[in-house]
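Have the model open on your screen and let's take a walk through it. We'll stop at a few spots along the way.

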Amino acid sequence: MKTRTTNPDKVGEDHSVANVAMDAANQLRRDILEKLFCMAGKFPEVATKNDYYLALAYAVRDRIVRNWVSSAETYFQRAPRSVIYLSAEFLIGPQLGGNLLRLGITEQARQAVRGLGQDLDELIEHEEEPGLGNGGLGRLAACYMESLATLEIAAIGYGIRYEFGIFDQEIRDGWQVETGDRWLRLGYPWEIVRPEIAFEVKLGGRTEPYQDEVGNYRVRWVPNRIVMGTPCDTLIQGYGVRTVNMLRLWKAEAHNSFDFQAFNVGDYYRAVNEKVVSENITKVLYPNDVSAAGKQLRLEQQYFLVSCTLQDIIRIYRQHRTPLDQLHEEFTAQLNDTHPSLAIAELMRLLVDVDGMDWDRAWNITRRMFAYTNHTLMSEALEKWPLPLFASVLPRHLEIIYEINRRFLAGVRVKFPGDDGKVQRLSIIDEAGDKYVRMANLACVGSHAINGVAALHTELLKQTVLRDFHDLWPEKFSNKTNGVTPRRFMALANPGLTALITRRIGDRWLKDLDELRKLEPLAADAGFREEWRQVKHANKERLAAALRKATGVEVEPATLFDIQVKRFHEYKRQQLNLLRVVTHYRRLKNNPRLDFTPRTVIFGGKAAPGYLMAKLIIKLINSVAAVVNADPDTRDRLRVVFCPDFNVKNAHRIYPAADLSEQISMAGTEASGTGNMKFALNGALTIGTLDGANVEIREEVGAENFFLFGLTAEEVRERKAAGYRPWEVCQQNADLRDALDVIGSGAFSGGDKELFRPFIRSLLERDEYLVFADYPSYIERQEDVARAYRDTEQWTRMSILNVARMGKFSSDRAIREYCRDIWHIEPVHVSDDKAPC
């Protein structure tokens with residue numbers, strides 16, 4: 001009989017590692033207690049969960065700050081070219097779990113808080129998330145900031161610290177109700193406020209021409225208001241590296257927050273009026289702009305962001321250099337959509353008016369510094385500002401834009417002589433009817449690079465909304481398909497799947513997502529498929545529990561979880577999904593013995609406060625859900641749930657639990673999408689159109705693993721050009737006609753036939769996004785989904801292959817492409833010997 005021998009060196013090595021981990025956990029526990037005592041003024045017996053959360057967060061932040069000081073010192077000494085990422089949104093999500101993961105101390109933290117009688121998962125769940133974004137745009141910016149740090153790229157993100165975020169969504173009687181997002185109410189430990197760095201931001205007033213001391217023509221801006229911008233820094237730790245980058249968010253404050261004279265004479269409102277008006281600028285993300293006041297506030301927000309940011313960049317630059325001639329060599333600035341495109345005019349103002357630089361040198365620096373990412377194909381979504389409003393808020397910038405436009409159009413006329421139509425379309429000023437300043441045109445003129453965010457999107461940009469700019473400057477255009485970080489949307493959101501994958505292929509995939517290809521052979525392994533299903537079922541049980549708590553609706557995890565969660569907009573076609581639900585319901589009612597694969601259909605997402613049709617669709621979803629879920633004939637086979645207040649925390653539960661991902665926008669409308677990537681990375685199969693990044697996802701995972709339906713973008717254009725008549729289309733499809741009739745009958749509205757009439761009328765009369773045209777194909781493919789799901793083994797194979805082939809859609813890949821093609825930046829390694837303590 002052979003005896004097993006143990007390698008004493010290996011035993012000693014394992015014991016040493018265990019001791020180091022235990023020492024680290026004990027040190028973290030001591031640090032938590034110190035924060036509890038010194039920052040909260042509490043001892044353990046009286047400390048609340050929030051006290052423990054804050055104490056742990058501050059202890060973790062200390063470790064990040066040490067890395068940040070090392071990074072900052074490295075950047076200061078080496079002065080590398082740095083990325084400036086300008087975005088109106090940064091939907092960074094809760095920070096505690098992500099920071100523990102990126103530092104590699106999750107298990108140490110678990111042990112540390114367990115020793116204090118706390119549960120780490122409960123403390124992570126306790127954290128409020130900042131509502132600093134509305135959806136994909138803000139989440140993309142957050143993924144990119146995390147990837148920049150992970151790839152050791154020197155970068156600063158600049159945005160706005162919205163005191164009340166976007167809004168919290170409550171559902172009352174089926175309607176969306178917006179409430180203030182009080183994410184700061186219990187303290188936010190991740191930010192470091194820098195009151196010593198504050199900048200004046202001018203608004204309104206007039207301009208005065210004058211001659212400087214050498215006789216040059218100059219312009220002085222005399223504002224009627226000044227607001228102060230104070231930076232609040234959140235540190236972004238890279239995964240598995242020492243690099244930490246900074247997300248700097250600006251908070252608006254009054255130049256003079258208290259009028260003592262007004263207070264003394266009893267005018268208490270006037271005494272604090274400047275404070276109230278100034279701070280409104282950073283109260284809420286995307287204030288409702290239906291009113292003139294709302295439009296003005298949005299414009300002020302955007303200018304506030306870019307003015308503070310550019311003043312700060314110049315301040316940082318002057319730590320090394322004085323003349324601004326090389327500003328574009330030290331910084332490259334990416335405009336994340338049109339919201340920050342005022343930065344082009346503002347930098348010209350700072351260089352020409354403040355620094356005294358001549359126009360041509362200033363314009364050369366400006367154009368070489370900025371690059372522009374476009375995120376929309378819909379011309380109505382390309383921002384433009386009424387000229388009178390712009391002139392009243394930013395009189396000097398309007399003059400600068402006029403001069404940029406004059407010089408630009410002179411060049412256009414030389415290149416395209418006699419083409420007045422092209423000149424009019426390219427002009428930064430829209431002079432057809434009411435005059436507007438076109439921000440996308442400004443961004444294109446003032447940037448050296450323009451990119452789309454999916455291959456199809458970029459091609460359609462060249463052919464449609466930016467066609468004239470592509471004709472003028474084809475060399476400026478490139479594609480940079482969006483990506484998501486696997487650290488948050490797999491490792492953090494789906495620890496069960498992460499552990500399973502890591503056991504089989506190692507953990508390198510978390511920094512090199514192409515490593516997931518090693519899963520492909522495992523799709524043929526029956527044991528692995530069973531483990532895969534167990535992970536998915538556990539995730540579905542977790543989501544079912546969360547839905548029960550949030551809505552009171554019981555759902556069965558064994559059913560097909562069919563999920564559509566995204567911002568509500570008619571082009572995203574939640575209404576198509578809903579019509580399909582009504583059709584399935586009607587079929588079940590008409591034929592109780594119908595062979596039907598049991599489903600739980602889950603919706604989630606927010607509608608803009610002023611978007612009445614989107615809010616009506618939410619109401620209709622909840623009304624249909626109330627009837628379907630209460631019907632004893634159908635409720636065991638079909639359930640409908642609206643998950644309220646969709647945000648990053650809720651996404652952590654939703655993406656891992658999905659069996660089917662609904663990506664059903666009309667082809668040619670979605671720029672890219674990132675929810676499609678998050679679902680697929682977590683093993684959901686996609687039903688979708690050839691829109692946005694769906695095209696590339698289908699190419700990567702294989703057409704056989706993707707449920708394709710609907711018209712192509714070209715077919716959409718042809719259908720509309722031929723004269724699309726939705727009423728006639730509806731009459732030709734009995735199921736579609738029946739679904740609309742039952743909605744119109746009041747069956748889902750307590751007999752009220754008027755409530756949903758605007759919804760029905762908008763489809764029958766306009767159907768702008770071709771819901772009716774794609775309905776038959778969509779219903780047919782849903783039948784294919786149902787058949788595929790019944791073959792459990794084959795569905796699991798398809799799920800595994802989806803994950804295995806999603807390596808392209810890492811935000812790390814996207815950032816590498818930006819660095820190579822647009823920013824021309826190399827990594828900067830932050831070494832361990834830089835640690836100050």
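What follows covers a sheet with its helices, then a helix pair, then one glutamate. Keep in mind that this is a predicted model.

Start with the open sheet: it has 6 strands, paired in parallel and running in the order 20-19-18-21-22-23. If you zoom in on strand 18 (residues 560-565) and strand 19 (residues 599-604), you'll find them joined in parallel by 6 bridges. Here I563 sits opposite I602 of strand 19.

Helices pack on this sheet too. Helix 21 (residues 526-551) touches strands 18, 19 and 20, and its direction is about 70 degrees from that of strand 20. Helix 26 (residues 694-701) touches strand 21 (660-663), strand 22 (685-688) and strand 23, making about 135 degrees with the direction of strand 23.

Now hop over to helix 6 (residues 136-150) and helix 33 (residues 811-823), whose axes are 9 Å apart and meet at an angle of about 75 degrees. An angle from 65 to 115 degrees counts as roughly perpendicular, so that's how helix 6 lies to helix 33. Helix 6 brings C143, Y144, S147 and L148 to the contact, while helix 33 supplies S811, D812, A814, I815, Y818 and W823. Sorted by type, the residues in this contact are 7 nonpolar, 2 polar and 1 charged.

Last stop: E300, in helix 9 (residues 292-317). Is E300 buried or exposed? Its relative accessible area is 6%, so E300 is buried, the cut-off being under 20%. Leaving out residues up to four places away in sequence, E300 touches L203, R225, I281 and V393.

Definitions and conventions: Residues are numbered from 1 along each chain as its sequence is written. This is a predicted model: local features need pLDDT of at least 70, side-chain atom pairs count only at pLDDT 80 or more; totals for chains, interfaces and linings use all residues. Side-chain values use heavy atoms; hydrogens and water are left out. Axes are lines fitted to C-alpha atoms, for helices over the stretch in contact, and angles run from 0 to 180 degrees between N-to-C directions. Helices (H or I, at least four residues) and strands (E, at least two) are DSSP runs, numbered from the N terminus. Angles under 35 degrees count as roughly parallel, over 145 as roughly antiparallel, 65 to 115 as roughly perpendicular and the rest as oblique. Contact means heavy atoms within 4.5 Å. Ala, Val, Leu, Ile, Met, Phe, Trp, Tyr, Cys and Pro count as nonpolar, Asp, Glu, Lys and Arg as charged, and the others, Gly among them, as polar. Buried means under 20% relative accessible area, exposed over 50%, partly exposed in between (1.4 Å probe, protein chains only). Two strands pair if DSSP finds at least two bridges between them.
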